[in-house]
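Student: I would like to learn how to read a structure like this one, feature by feature. Where do we begin?
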Amino acid sequence: MLALRCAVKKRGAGCRLTESIEIDASPAGAPALLVWPPGATSGDGVSRVAAQVLALKTLAMGLGSRKARVFVPIDASDRPVAGAVSSFLRTLGNEVPTLSIHRVEIPARTSEVADRLAAVILSGTEETDIAIRNGRVEVLRYASPDLSDAKTTPSAGASRLEKSPEGGLDRLIWNPARRAAPKEGQIEVEVVATGLNFRDVMWALSVLPDDMLEDGFAGPTLGLEFSGRVVAVGPMVTRFRVGDEVVGFCGGAFSTYVTVDVDHAAALPSAVSSESAATVPVAFLTAYYGLIACANLQPGEWVLIHGGAGGVGMAALQIAQWRGARAIVTAGAQEKRDLTIALGAEYAFDSRSGAFVDDVMRVTEGCGVSVVLNSLAGQAMESSIGLLRPFGRFVELGKRDYLANTPVGLRPFRRNLSYFGVDLDQILLSRPDVWRRLFGEVLEGFERGDFAPLPYTVFESADIVEAMRLMQQSGHVGRILVRPPQAGCAPKALRRTEFQLDATRTHLISGGLGGFGIETARWLVERGARHLVLIGRTGAASQSARDAIAEMRARGADIHVEAVDIADGPAADALFSVLKSEMPPLAGVIHAAMVLDDAIVANVDERRLLEVLRPKISGAENLERLTLDLDLDYFVLFSSVTTVIGNPGQGAYVAANGYLEGLARRRRSVGLPALAIAWGAIEDAGVLARPTATREAIAARAGVRGIKARAALDLMGDALAFEGGPSGDGVVVIADMNWSTSRSNLKGLISPTYGRLLNMLEPDETLSRADVDLRELIQRMPPESARRAVGDVVIEELARILRLPREDVSRSKPLSEIGLDSLMAVELTLALETRLGLDAPLGEAAGAFNVTELAARILAAQMSGDHNFVVSDGLAARHLDVGERDEVVELLARLEEANSAAVADLTGDLDKPG
């Protein structure tokens, strides 16, 4: 069973969505259409929603079979209507496959918003759920929280990012941390942003052992650089005052607060914002130390900068220009090379082939370069040394060749070449006088305007894994920054208390006489409610409802049944007039009223639309209007998971539920209680309890599987225990989903909006993500079945790591060809060792094999280590016929050949600039 929350990922001014990207108005050959729906009309919510839904339907039908990328700005000032329109567009997009619909929430029609909107449209972005807020572009991500435990996010005033002893990005956690009062010569800083470096990614994955970091400045911690504001100063500190904005270095910088020596921090240059300052320390100090302190780069000299689109590379390019040198850069992708040219490099070549050697010699007329700032390894590193002219200087930033102890021929050094190895961690620890002086010179360059902060992408603390995966895949330009959790108070999403009902007050359920409404009433009574008002248009018309009411009354509950249409304003007024005079004060409201009339959008007319919208929207408006002056404990609105997936054939129903979710968010924003529950399919109560074919069709088409009413309501209780739901915005989804089925049948789910959910694609019924006993598997299954079962586990972990649907993971292609890089291979190894209980590590060469080969190797290793099996040449003969045994022997031979190369490739990721 899955409980979901809506999470918004915020990106700062350096967001690649709107800046520094190649403009392509129609990358897929389809025109981009900007559609302004009619503004909010006068009248109630039903009329406002209906006007926009019908206008959008008319537009879609008018386009016919034409392909188009449709951008729909949605007025954020009317949150309920915005929720309705946004949700309806999901259904429309699924029903009209020729349209790629992009929802863009805007605050108002201003020139600034228009500029941002134009940039979004022209960017060719695949994002479908976008918001323009406060000059920034934000995108939506659905995520899955754990309603049973709030430990995964800090609830204390301070927190720190920590890794699991087992390693793995998915095991990172923001833990509560103790703030350290500054001692003499120290300051305490509230962190605004922390720079992410490859060092952090590799240590989080346990690629870097602790002993390789213990002798460095930061030690075995996450984070090396920060920017923030001084909140306390220790004795004898005169350089800083509370409120000063600073930038600096410290171990464990992924924290809400850090306490550092004053010598490890510096005042922000006047032209640099607090957030963008976090792009400066590591990148600029590394590049400045290498080019100026080591290489003494001179005006007019040629400098070759490898990794020119990374953080250090882009800083080095600025330093080279300031120095008056001529820069040649390399980068792995054409768009990155184009960017470096735009930033001032004279030439940019491909770092992934050896062709850059000839290219550099050609543009330097056979003379070569004076300085190389290197992050390549192996042959590319040696070739770069060969590009140096006499008295040239080679500055090594990488770690790959050090770890591999790569031999280097000395012949080129006969030309008076110099070699410098640079490790910033060691410089910070062992040469404090040097780095402080150099960092001061860097900051002076910012004050003069010689340097500028680097472009960056910023992630919220909850998105730390996504940030690390982006760096892991080298998908970024410039720097990646992470904002810490909000300091000083716990987000409301994490304030969990036991949900308790007030037995002395009244609890009202509209739609309370239907199947799920009655089950909700029973649940309330079991939780202690003693005064209930159940509302339905026809009263307790069914025998099952009457039986349930009698049962609850027998348990001591006072049940009032009212035959009232809650969407009828005067009738609702009269009802509340009676309740206020005859019943105890109202404690809470649950709005469960609904009408279903499924039809594809093309067949929805005004009459059918209004019939579906009215019970939910008008009913909610009346309940809100009549309770605004009451001190309620809860205000719950029953929505549907169809708002998330845009279920075809239910456009009107989806729009109605989207309105309820928008209403919940609006109430939460002004401090009123509200929680909208987007339910999945309730299989034993309500409209799906009897028609099995309908329930099965929903599961087969949309992946929405049935859940028991009682289990669903218990999850609602968990959600009510958090103020505003786990996301804090008042909306939570409670559904049992097969996301593989959903993605296969619903076009809209290919959007990045659903990327995190699709990481949880369903395993086979026989193999969940639970641990697997390999020995037991071998004993009870024939060889081919066992290999297939282990392969299923491999595919499941690959799908999670690569963020692919399981069906897209090939069993026959080498893992490296389907996107598994060396860091991901380590993560896969850790996951498989844990899941399968392997006694010996797999090694780092997993990417050299395909799924079937890797599964065979795992089985062979397990069997060879079991003394109950006959072993020959280190392999088990039992359970393997001759052909299979020969295959495994060949695989292990290939493993030995590939191992050293794979390890070198793995450690090479240390060289990637952060």
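This is a predicted model: local features need pLDDT of at least 70, side-chain atom pairs count only at pLDDT 80 or more; totals for chains, interfaces and linings use all residues.

Student: Where is M236 found?
Tutor: M236 sits in the loop between β10 (225-233) and β11.

Student: What is the phi of M236?
Tutor: Near 70 degrees. That is a positive value, in a residue other than glycine.

Student: And what about N296: what is its phi?
Tutor: Phi of N296 is near 50 degrees, again positive and again not in a glycine. N296 lies in the loop between α5 and β14 (302-305). Its relative accessibility is 41%, and N296 therefore counts as partly exposed. The exposed class needs over 50%.

Student: Now a loop lysine. Is K163 buried or exposed?
Tutor: Buried means under 20% relative accessible area. K163 comes to 18%, so K163 counts as buried.

Student: Where is K163 placed, and which residues does K163 contact?
Tutor: K163 belongs to the loop between β7 (159-162) and β8 (173-176). Setting aside neighbours within four places in sequence, K163 touches L172, W203, A204, S206 and L222. Look also at I173. It is ten residues from K163 in sequence, and the C-alpha atoms of the pair are 6.5 Å apart.

Student: Let us turn to a strand. Which strand holds V247, and is V247 buried or exposed?
Tutor: V247 is in strand β11 (residues 245-249). With a relative accessible area of 1%, V247 is buried.

Student: What surrounds V247?
Tutor: Leave aside neighbours within four places in sequence. The contacts of V247 are then F226, S227, H264, A265, A266, L268, A277, P281 and F439. For a C-alpha distance, take A193. V247 and A193 are 54 residues apart along the chain, with their C-alpha atoms separated by 9.7 Å.

Student: How is a pair of packed helices described?
Tutor: By two values: the angle between the axes and the distance between the axes.

Student: Which residues of α5 and α12 meet?
Tutor: From α5 come P281, F284, L285, Y288, Y289 and A293. From α12 come V434, W435, L438, F439, E441, V442 and F446. By class, this contact has twelve nonpolar, no polar and one charged residues.

Student: At what angle do α14 and α15 pack?
Tutor: About 5 degrees, with the axes of α14 (residues 515-526) and α15 (residues 543-554) 10 Å apart. These helices are therefore roughly parallel to each other. On the α14 side, the contact is made by I518, A521, R522 and V525. On the α15 side, it is made by A545, A548, I549, E551 and M552. The class count is seven nonpolar, no polar and two charged residues.

Student: Which residues is L508 in contact with?
Tutor: Beyond its neighbours within four places in sequence, L508 meets V533, I535, F576, L579, L586, G588, V589, I590 and L623.

Student: Finally, the whole chain. How many helices and strands are there?
Tutor: The chain has 28 helices and 32 strands. Of its 914 residues, 57% count as buried. The accessible surface is about 35800 Å², and 50% of that belongs to carbon and sulfur atoms.

Student: What share of the contacts joins residues 24 or more positions apart?
Tutor: Such pairs make up 74% of the contacts with a separation of 6 or more.

Note on methods:
Residues are numbered from 1 along each chain as its sequence is written. Side-chain values use heavy atoms; hydrogens and water are left out. Contact means heavy atoms within 4.5 Å. Helices (H or I, at least four residues) and strands (E, at least two) are DSSP runs, numbered from the N terminus. Ala, Val, Leu, Ile, Met, Phe, Trp, Tyr, Cys and Pro count as nonpolar, Asp, Glu, Lys and Arg as charged, and the others, Gly among them, as polar. Buried means under 20% relative accessible area, exposed over 50%, partly exposed in between (1.4 Å probe, protein chains only). Accessible areas come from the Shrake-Rupley method with a 1.4 Å probe; for residues, only the protein chains shown count as cover. Axes are lines fitted to C-alpha atoms, for helices over the stretch in contact, and angles run from 0 to 180 degrees between N-to-C directions. Angles under 35 degrees count as roughly parallel, over 145 as roughly antiparallel, 65 to 115 as roughly perpendicular and the rest as oblique.
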